[in-house]
Amino acid sequence: MPLQDDTKQQLNDALKARKALEDTYEAQFKILALFVSRLSLACKGVDVDLDNRLAKLRTELNRGTDLEKLLPFIEGTSENLKQLEAKHQLDVQKVQRGLTEAGKLLQKQKGLPDQLRRDLRELLGKVETPSATVHAFLPHLNDLTRLYQHALEAKQQLSSDCADDDRYSHICRQISVELTNLLSELAFAEDSAAEMDKIRHSLLEKLPIDALLEACLKTINIIISSINRERQSAEHFLLKLNDALSSVQQTVVSSLSTSSALKERMQVLNQQIEQQIVHLGAASERATSLEQLKMLVSDKLSAITSSLREKDQLEQQERHNLQLTLGDMEQRLHELESEALTFKKRISDQSFRSLQDALTEIPNRAAFDERYQLEIKRWQRYKKPLCVVLADVDHFKSINDNYGHSAGDKTLKVIAKTLKLNLRETDFIARYGGEEFIILFPETSLVELEVPLNALREKIRKIPFKFKNVSVPITISFGATQFVTKDTSRSAFDRADEALYEAKRSGRDNVILKPAGE
Ligand SMILES: Nc1nc2c(ncn2[C@@H]2O[C@H](COP(=O)(O)OP(=O)(O)OP(=O)(O)O)[C@@H](O)[C@H]2O)c(=O)[nH]1
């Protein structure tokens, strides 16, 4: 029996040990199941198929399903994971390639700061190193994003600098245009005119701001010295006038005093003559003999004759003095008259020249502005059609560039002359600035313009321009419009400008008529 007891004991012990082992396995299995369940949750979102499989596995694990029953699940999921692993490798390569390409693209950008370029080079070196997971690239991606951000900031700065550049050249262009217009509206004497011409020519180039300011200062100096010259000339005229008037006054005063002295002397003589006649009468009564009377009369008569002669001389002297005074005054007046004439001509020349373009000798922009307002008023009053036309020489810059500015100037003169000669008396042409002309056609409708404008265009094209022995055909484009009721001077002008732009865009050497409302 002890043996039986012993065996029983052993069996019990074995059962206990097994139970303990089973308990341990079960606990371990639970821990493992929990871990697998958590791990599966961590994988969630990588792949939908995998997510579904893992969700099922978790449910089974929670239920405590036998490992045996779980095995097919596990196998299927393992297969799924293998495929994912392959895909993961591809993803890693893709991320690596993507990062490299994005980095290289950034490297190609212009205007990046040097430090950014260095950081980028270093980053691209790191990206080249192979990595097992996509995660390993995350810091690189982060770095690259940062570099992109810096690059964008640098670019933005650069483009705002460029915007400044644009603004700068816009301002320069505006100053240049305004100054050119001002120069064409100013009238100057010969020497200043040459200086002005020099400044005008310099403005044909693209000038930096300091050169433009210098041109402005030079212009101001010329204006000031010209004003001074005009003032001096006016002063000179006034001084002459003053001189002449005071000399006339002096002459009149001295001639008055001379003539009053003569008058006094004449009175004395008259008295003397009267007295001599009275004496003669009294003495003749007293005379007792004819001989005595004869002597007395002879004496007195010679005294009277000498007084009369003296009186005659005095009268002659007075007449002579008067003639001298008159002659002197006449001469003074002639001088003054010619001085006044010169001055008057100077003033009228001045006002004429201030409305004339110095180069082409046709009206300038200021003259146009005046005439434009006048024609608009006429159009409003009489309701007769009014057209405004802008004309611009084609590719004029290339004439300057290829043959020099003097050739350009000559071209403008010839074109202006041709245009003017081929217009009616009632039409008005002005140089609007640069190589642009503006024409007003009163009492003309837009349809009526087609033929004459095309004729003008042909005329210009046929001018045999020759530079450096090369025949250079020059063409011109026209943009025309007609005033309508709602128009202002500006709106009609803008429409003509748009038409001109269309003429240029259509290939130049063209006439575009643009009615309102198109
Ligand atoms: N010689 C000379 N050139 C002038 C004068 N005024 C303006 N210019 C030049 O005229 C040229 C005008 O050039 P752009 O405005 O580019 O026009 P474009 O070359 O005529 O070309 P499109 O008008 O487009 O056909 C510039 O080069 C100016 O310098 C001037 O009084 N004399």
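Reader: At what angle do helix H2 and helix H3 pack, and how far apart are their axes?

Author: Happy to start there. Two packed helices are described by the angle between their axes and the distance between the axes. This is a predicted model, and in it H2 (residues 48-63) packs with H3 (residues 67-108) at an angle of about 155°, the axes lying 10 Å apart.

Reader: How are H2 and H3 oriented to each other, and why?

Author: Angles over 145 degrees count as roughly antiparallel. H2 and H3 pack at about 155°, and they are therefore roughly antiparallel to each other. The crossing in which H2 passes H3 is left-handed.

Reader: Which residues make the contact?

Author: On the H2 side, look for Asp-49, Leu-50, Arg-53, Leu-54, Lys-56, Leu-57 and Glu-60. H3 answers with Leu-70, Phe-73, Gly-76, Thr-77, Asn-80 and Leu-84. By class, this contact of H2 with H3 has six nonpolar, three polar and four charged residues.

Reader: What about H10 and H11: within what distance do their axes come?

Author: The axes of H10 and H11 come within 6 Å, crossing at roughly 140°. Since only angles over 145 degrees count as roughly antiparallel, H10 and H11 are therefore described as oblique to each other. In this pair, Phe-396, Ile-399, Asn-400 and Tyr-403 of H10 meet His-405, Ala-407, Gly-408 and Thr-411 of H11.

Reader: Now the ligand. How many residues surround it, and which are the closest?

Author: There are 17 residues around the ligand, the closest being Leu-204, Phe-396, Lys-397, Gly-408 and Gly-434. Strand E1 (386-393), helix H10 (396-403) and helix H11 (405-421) are the elements that each give two or more residues to this shell. H11 gives the most, with four residues. Notice that Phe-396 and Gly-408 are among the closest to the ligand and also take part in the meeting of H10 with H11.

Reader: What classes of residue form the shell around the ligand?

Author: The shell has five nonpolar, five polar and seven charged residues.

Reader: One last stop: where does UniProt place the "coiled-coil region"?

Author: An unreviewed UniProt entry puts that feature at residues 319-346. In the model, the chain over residues 319-346 is 100% helix and 0% strand, with 40 Å between the end C-alpha atoms.

How values were computed:
Residues numbered from 1 in each chain as written. Predicted model: local features only at pLDDT ≥ 70, side-chain atom pairs only at ≥ 80, totals over all residues. Near = placed C-beta within 6 Å. Nonpolar A, V, L, I, M, F, W, Y, C, P; charged D, E, K, R; others polar. UniProt positions renumbered as here; feature names shortened; annotations may be inferred. Axes fitted to C-alpha atoms, helices over the stretch in contact; angles between N-to-C directions. Parallel < 35°, antiparallel > 145°, perpendicular 65-115°, else oblique. Left-handed = near helix turned anticlockwise from the far one by under 90°. Contact = placed C-beta atoms within 7 Å.
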